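Please examine the following structure together with its sequence.

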Amino acid sequence: MNERRELAVMIELILISGAGILDTINPLAHVSQEGYSNLWAWLYATFLNGIWARIFAAAFLAMAFWLGVYRRRTAMGIVLFMMSIVVTYMGGMVGVMFWWAK
Amino acid sequence: MSLSKDNQRGDVFLGAQATPGKPKGLLDAISEIQQYYVVERSGSTIPVDFFTLAGKLAFFEVGFKGGFICGLVSAFLTPVAIGVIEKYLPIFGSYDPTLYDKFFAFLIAVSFTVGYAFFFASLGKYYIGEISKAAIKNLIAGLVSGAILKFVIAFIAFHFIYFIVLEPDRLGAWMLKLTWLIRIENLDRLYQWLGEFRPVFLTSAYFVAFTTFLMVAIPITGIYMGARKSSKVMNHENEWK
């Protein structure tokens, strides 16, 4: 009987600490909603839109060729090529999502 | 087990595998070709029968898979690139692409094919002995077959999308079934957009022919040029001996 109670207490403790972890990883526990939205707007404007997106995409593609073809590190080349695609088209996809949600 | 000819003392050493391996991927295949090249470059002759039918098929398979899968990636990116150039799709978050953006969209669509083709083209350097030549020929034959099959599939698929899937009446009927999921205004926008985007698939079908040509032409040209260069270097070396 005691063993059962101990087990129940242990499970409860795990759940409580799990909930604590969930609270910790929730970004709104650390920054305001406005600050969080601004962070994403900044990330979008910096990495997926405009001149920086062009520079990052071109750099990733050039590195994909350099590593994938010249240095024969195929896996790295494919990963960089995918990253170039993401930077090139993700900005537009995010824009489409906002347009769709309107 | 094999006996070294140069070793006069008659020492015996454990030799390498007696039959050519079966490469599983492109890097394996290139490594094997490099090994054949090193042996043949040093003046040793390997009998043609050393390269078995299974070995030939393995090289063909590697080339075929590469040509087909790489071609599919390129075929998938082609309508996206043409959609950007025709201003139906956004690039870098904008629907109004600059000349650089159009060029970059085109570059992304062909770069996987071109990169892969240059990877194959680098094999020209090793195209010297009987076995190396046989391995490279089988690899390239596989690549060409895979690229042609990809072209046929992509060409049919793009025409199927144009004539069957995006045919206005059929598309309208299908979209009306989605009214429970998507608001009617959004469905109307999507219908208009798909109707305008539809011709992009026809352009893409013919653009894939161009990328297939690149996929076949670059390795063959690269191997021809690399082989000539290697041959010249070897002739010079023979003159100096």
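**From one residue to the chain contact**

B:Asn238 is located in helix α7 of chain B. The model discussed here is a predicted one. B:Asn238 counts as exposed because 8 C-beta neighbours lie inside 10 Å of it, and a residue is classed as exposed at 12 or fewer.

Which residues of α7(B) are buried? They are B:Val200, B:Phe201, B:Ser204, B:Ala205, B:Phe207, B:Val208, B:Thr211, B:Thr212, B:Met215, B:Pro219, B:Gly222 and B:Ile223. The elements that cover these buried residues include α2, α3 (99-121), α4 and α6 (184-197) of chain B.

Two of these covering helices, α2 and α4 of chain B, also pack against each other. Two packed helices are described by the angle between their axes and the distance between the axes. For α2(B), residues 53-85, and α4(B), residues 130-165, the angle is about 35 degrees and the axes are 6 Å apart. The crossing of α2(B) past α4(B) is right-handed. Sorted by class, their contact comprises 17 nonpolar, 8 polar and 4 charged residues.

The next level is the contact between the chains. Chain A contributes 21 residues to it and chain B contributes 17 residues. On the chain A side, α3 (50-70) and α4 (74-101) each supply at least two residues. The greatest contribution to that side comes from α4(A), with 11 residues. The side of chain A that touches chain B holds 10 nonpolar, 10 polar and 1 charged residues.

It remains to consider confidence. The model scores ipTM 0.73 and pTM 0.76. Chain B has a mean pLDDT of 85, with 91% of its residues at 70 or more. Among the elements of chain B, α4(B) has the highest mean pLDDT, 93, whereas strand β1 (residues 2-3) has the lowest, 43. Residues 1-19 of chain B have pLDDT below 50, and this stretch makes 8 contacts in the model beyond near neighbours in sequence.

Key. Residues are numbered from 1 along each chain as its sequence is written. Chains are lettered from A and ligands numbered from 1 in the order in which they are written. This is a predicted model: local features need pLDDT of at least 70, side-chain atom pairs count only at pLDDT 80 or more; totals for chains, interfaces and linings use all residues. Two residues are in contact if their C-beta atoms, placed from the backbone, lie within 7 Å. Helices (H or I, at least four residues) and strands (E, at least two) are DSSP runs, numbered from the N terminus. Ala, Val, Leu, Ile, Met, Phe, Trp, Tyr, Cys and Pro count as nonpolar, Asp, Glu, Lys and Arg as charged, and the others, Gly among them, as polar. Axes are lines fitted to C-alpha atoms, for helices over the stretch in contact, and angles run from 0 to 180 degrees between N-to-C directions. A crossing is left-handed if the near helix is turned anticlockwise from the far one by less than a right angle, and right-handed if clockwise. A residue is buried if 20 or more other C-beta atoms lie within 10 Å of its own, exposed if 12 or fewer, and partly exposed in between; C-beta atoms are placed from the backbone. pLDDT is the predictor's confidence in each residue, from 0 to 100.
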